[in-house]
Amino acid sequence: GRFNIIGFVDGSIFEVNTPGSGPMGDWVDAPRRPNAFEVQYSVYTRWKRLHGIKVLTVIFPNGISMVFGPGSARRHDGYFTAMSQLDERMQNIQENNPDGVLYRLFADSAFPWSVCITKALPPDDHLAVLTNFRLRCSRIAIEWSYGMLSNIMRVCRTFDQFTLYRTHPYAYEQLRVSFLLLNCYVCFHGSEISSIHKFGVKPPSVE
């Protein structure tokens, strides 16, 4: 049938400062912040052994990314898929598709199967194995997007830039704005993803 993969989806964790760590003052026997343990537990992932926040990212061949979240790093990718209603959104925007093709996103094994989200094919024959290999090689582009984000946005380079449970806990907003500005950068300058060396698709204009 017709090739119908138009993007790749992935969940990524960004490490944050340990929320609520340390005393509330710099004097002897200063009290700890209230509910510090509960706050730390709510964003701690034993898989990565860190405190963090997670985003669900969809990357398209033109280098533009669509982000859902952030949320707690404790949450599974399947939770973010349901929370974002990504499958429903994909179906809705294709409701009146004139060519009759159902376009889908390619994900790894952590994501659930759905109408518009697909994973690797069962390795029943050589063609399926080759298709899976090429799709996985193409999906590495989403990691390039994260690398480009940390290179351009200084706030995304180190975990001490993201703070929670403080007077001004802007970590969630910082991450959303960083992805927005990254999309603007790609519109003006392109990216390795959209270049002729990968997909050869021009990014859109900011207009």
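Strands S1 and S3 run antiparallel and are joined by eight bridges. The model is predicted.

**Strand S1 and its partners**

- S1 pairs with strand S5 (residues 104–106) in the parallel sense, over three bridges.
- In that pairing, Gly-7 stands opposite Leu-105 of S5.
- Eight of the eleven residues of S1 are buried, and the strand is therefore mostly covered, given that a residue counts as buried under 20% relative accessible area.
- In a regular strand, side chains alternate between the two faces of the sheet.

**Nonpolar cores**

- The largest nonpolar core holds 25 residues, of which Phe-14, Ile-53, Leu-149, Cys-156, Leu-175 and Phe-179 touch the most other members.
- Another core, of twelve residues, lies apart from the largest one; its members include Val-9, Val-58, Phe-80 and Phe-111.
- Beyond its neighbours within four places in sequence, Phe-179 is in contact with Phe-14, Val-55, Thr-57, Ser-65, Val-67, Tyr-146 and Leu-149.

**Aromatic pairs**

- The whole structure contains six aromatic pairs.
- One of them joins Phe-14 and Tyr-146 in an edge-to-face arrangement, at 6.4 Å centre to centre and with 90 degrees between the planes.
- This pair links distant parts of the chain, since Phe-14 lies in strand S1 and Tyr-146 in helix H5, 132 residues apart.
- Phe-14 and Tyr-146 are both buried.
- The pair of Tyr-79 and Phe-80 is edge-to-face because the ring planes stand at 90 degrees, with the centres 5.6 Å apart, and planes over 60 degrees apart count as edge-to-face.
- Tyr-79 is partly exposed, at a relative accessible area of 39%, whereas Phe-80 counts as buried at 1% relative accessibility.
- Phe-8, Phe-106 and Phe-199 are linked into a cluster by ring pairs.

**Charges over rings**

- Tyr-79 also has the charged end of Arg-75 over its ring, 4.2 Å from the ring centre.
- The charged end of Lys-48 sits over the ring of Trp-47, at 4.6 Å from the centre of that ring.

Technical notes:
Residues numbered from 1 in each chain as written. Predicted model: local features only at pLDDT ≥ 70, side-chain atom pairs only at ≥ 80, totals over all residues. Heavy atoms only, no water. Core = buried A, V, L, I, M, F, W, Y, C linked by side-chain atoms within 4.5 Å. Buried < 20%, exposed > 50% of the residue type's maximum accessible area, 1.4 Å probe, protein only. Contact = heavy atoms within 4.5 Å. Helix = DSSP H or I, 4+ residues; strand = E, 2+ residues; numbered from the N terminus. Pairing = 2+ DSSP bridges. Phe/Tyr/Trp six-rings, centres within 6.5 Å; stacked < 30°, edge-to-face > 60°. Lys NZ or Arg CZ within 6 Å of the ring centre and 35° of its normal.
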